[in-house]
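My entries follow in the order in which I looked things up.

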Amino acid sequence: MEASEGPSNADTATPMTADSAGTGSRACVAFGCSGVSSVRDLVPELPSESGRTVIYEIAAIGGMPTFSDLSRAAYCPRQLYYARRDDDRGPPPEAEARQALAFRYDELREADDETLADLPIDSSPVDYRDALDRLSTRPDWQQLCEPTEQEYYVEGKDCHGLLHKLLAGDPPVPTVVSPGEPPEQGVWEPQSVRAVAAANALAWERQREIPRALVEYPAVGIVREVELTCRRTAAYRRVLRTVRSMDGPPPRVDDSRCESCEYRTECGVKTRSLRSLLGF
Ligand code: SF4
């Protein structure tokens, strides 16, 4: 049972090197770059429709996957294959606009109906303000509104990427901001894998245990806890092994996940709904 599993960051057992300190020096070596002082120099920054600057995760460094790679592979390894082939990085604008809400909680809690009606929230203005009111009772509310870091790049032993927020604390808490809605309980598997990856990479950088992360769903004003249980860590390691062993397109999952997949046409899946439409 998950409740009886203790948190762990196995990666913290290995000593940190200069290259793992988050300075990006290994990235420069991997890319053969000269005159690059920080990995930030290699990360594309683009103004977004929401007015924030979006920093996209760079592609795998020396074969080390990004948090987004692992999250995609947890959904469907074949989707990651297509995304890498097309160099498809970063969220689409509509997803980014929903993620941007996570950086305006304080302001949106006081916003009027007209303002909220223009935003990509998934509830009525009244319900949304109520959700933010509930969120404000969390002990880490102030940190959620004013994180120590935003879009913080971190490089671990096995993966690297951006923490959407880093909350102050002892230990600090990384967060993953999802553009979607949560399941009834807990978080979706791809977000769990990303949260574990983020916590492990931060643990490697800080050389200390990071036992938990958060997943934020700002379009509905909900934040969920992700403890690094044995079950979650095992799922993360399974996905990591899958990504490392990818050599050509992985098998199709061919289930309900395909219905909302942007690659379904070229992937050529026949989902159950299509089959039933065709009378198979
Ligand atoms: S259509 Fe289905 S099998 Fe193909 S990439 Fe998408 S989720 Fe994976």
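**Confidence**

I began with pLDDT, the predictor's confidence in each residue, from 0 to 100. The protein chain averages 81, and 74% of the residues score at least 70. This is a predicted model, so I kept to its limits: local features need pLDDT of at least 70, side-chain atom pairs count only at pLDDT 80 or more, and totals for chains, interfaces and linings use all residues. Residues are numbered from 1 along each chain as its sequence is written.

I count two residues as in contact if their C-beta atoms, placed from the backbone, lie within 7 Å.

**Core**

I call a residue buried if 20 or more other C-beta atoms lie within 10 Å of its own, exposed if 12 or fewer, and partly exposed in between, with C-beta atoms placed from the backbone. A nonpolar core is a set of buried Ala, Val, Leu, Ile, Met, Phe, Trp, Tyr and Cys residues joined through C-beta atoms within 7 Å.

Which residues have the most contacts inside the largest nonpolar core? They are L70, A197, A198 and A199, in a core of 54 residues. Helix α9 (residues 189-206) gives the largest share of this core, 10 residues. Helices (H or I, at least four residues) and strands (E, at least two) are DSSP runs, numbered from the N terminus. I checked A197 on its own: leaving aside neighbours within four places in sequence, A197 is in contact with F67, L70, C159 and Y236.

**Helix α2**

I noted that nine of the nine residues of helix α2 (residues 67-75) are buried, so α2 is largely enclosed by the rest of the structure. Those buried residues pack against α3 (77-85), β4 (160-167), α9 and α10 (230-244).

For the pair α2 and α3, the axes come within 5 Å and cross at roughly 135°. That makes α2 oblique to α3. D69, R72, A73 and Y75 of α2 make the contact with P77, Q79, L80 and A83 of α3. Axes are lines fitted to C-alpha atoms, for helices over the stretch in contact, and angles run from 0 to 180 degrees between N-to-C directions. Angles under 35 degrees count as roughly parallel, over 145 as roughly antiparallel, 65 to 115 as roughly perpendicular and the rest as oblique.

**Sheet**

I traced an open sheet of five strands in the order β3-β4-β5-β6-β7, with mixed pairing; two strands pair if DSSP finds at least two bridges between them. β3 (149-155) and β7 (222-227) stand at the edges with a single partner strand each, so one side of each has no neighbour in the sheet. The twist averages 40° from one strand to the next.

β3 is mostly covered, with five of its seven residues buried.

The bridge partner of E216 is V223 in β7.

The C-alpha atoms of E227 and A213 are separated by 6.5 Å, at 14 residues apart along the chain.
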